[in-house]
Amino acid sequence: FPACWDPQVSIKDLHFDGVPVRIYLPRKPSASKRRGVVFIHGGCGIFGSIRSYERICRYIARKSDSVVVSVGYHLAPEHKYPTQTLECLTATEHFLKTAETYGVDPARIIVCGDSVGGTFTTSVCQELGQRTDIPKTRAQVLIYPFLQALNFNLPSHQKNAAVAFLTQERTVHFILKYLNKDCSLKEPILAGSHVPESINLKYRKWINPDLIPDVFKLGYKPPLPALFSPQAHEEVPELFEPWVSPLLAEDAVICGLPDTCIVTCEHDVLRDDGLLYKKRLEDNNIRVTWHHVEKGFH
């Protein structure tokens with residue numbers, strides 16, 4: 001769909017190294033180079049589009065006087081994982097390299113995304129944090145991001161298991177759809193049967209209910225240990241990759257991340273992903289701003 005006309009923002013459809021983007025440029029002249037925002041939309045990797053997020057991108061461009069690049073990555077399962085992450089990375093790289101063409105200061109570009117867009121944002125910043133050949137991203141903004149696929153029985157999963165729109169069951173269903181896997185794997189993954197004890201032990205330092213503040217654990221009941229299923233484990237190796245579970249990235253990668261803003265919502269199954277990542281970043285001396293929406297939901 002073509003972009004809507006906006007009296008304050010000029011909107012163009014372009015391609016950045018083959019990736020569709022929609023760029024929002026404030027019409028009012030600026031005395032200096034503007035800030036830039038790469039916006040990566042949510043939708044579980046299988047829904048959403050540039051058009052469905054147009055209003056929020058126009059709003060960001062107007063209110064922050066920034067040039068916004070909305071990434072139209074191709075959706076799964078027709079475009080197989082990790083196409084989505086790679087296209088977000090490609091578009092962000094291109095913008096960092098060509099920012100001045102659009103009147104943007106390359107040292108003042110942030111990457112922002114909601115839900116799985118937050119996952120892609122995290123992955124992009126983890127990848128670019130290791131690079132020295134292009135400008136560094138100034139910050140990342142993660143709006144209720146999905147960050148790990150090892151434990152679906154954290155306090156927020158239990159508390160919000162049946163809260164619309166994103167239920168506990170639907171979360172795993174969409175992940176399997178995104179990865180083009182058999183949805184019969186949903187039950188063993190929900191139970192945690194896809195994770196061998198060795199991996200549970202390795203990542204317990206980062207994915208553990210004990211790391212979540214007590215105020216968020218009221219009524220929480222630790223689940224019984226799941227019986228490991230080698231078959232389930234072998235079917236979903238992608239769940240243990242940092243591009244799907246960015247919380248599993250090594251400390252050397254985390255140390256290279258920019259300033260971070262994390263938004264969590266009380267009535268959201270993914271709330272604890274954000275809380276756990278916040279702690280990991282702070283433990284690695286990354287500056288974090290945290291906004292918690294007490295009555296918010298996914």
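## Cavity and central strand

Helix H3 (116-128) and helix H5 (168-178) each supply at least two residues of the lining of the largest cavity, and H5 contributes the most, with four residues. The model is predicted, so that local features need pLDDT of at least 70, side-chain atom pairs count only at pLDDT 80 or more, and totals for chains, interfaces and linings use all residues. Residues are numbered from 1 along each chain as its sequence is written, and side-chain values use heavy atoms, without hydrogens and water.

A cavity is a set of points on a 1 Å grid over the protein atoms alone where a 1.4 Å probe fits but cannot get out, and lining residues have an atom within 4 Å of a point. The largest cavity holds about 190 Å³ of space and is lined by 15 residues, of which Cys44, Val116, Phe146, Ile175 and Tyr178 lie nearest its centre. By class, this lining has 12 nonpolar, three polar and no charged residues.

Strands are DSSP runs (E, at least two residues) and helices are runs of H or I (at least four), numbered from the N terminus; two strands pair if DSSP finds at least two bridges between them.

| Strand pair | Sense | Bridges |
|---|---|---|
| S1 (residues 9-16) and S2 | antiparallel | eight bridges |
| S2 and S4 (residues 66-71) | antiparallel | four bridges |

Technical notes. On a 1 Å grid over the protein atoms alone, a cavity is a set of points where a 1.4 Å probe fits but cannot get out, and a pocket is an open set with protein on both sides within 12 Å along at least five of seven lines; lining residues have an atom within 4 Å of a point. Grid points are joined across faces, edges and corners, and a volume is the space filled by probe spheres set on the points. Ala, Val, Leu, Ile, Met, Phe, Trp, Tyr, Cys and Pro count as nonpolar, Asp, Glu, Lys and Arg as charged, and the others, Gly among them, as polar.
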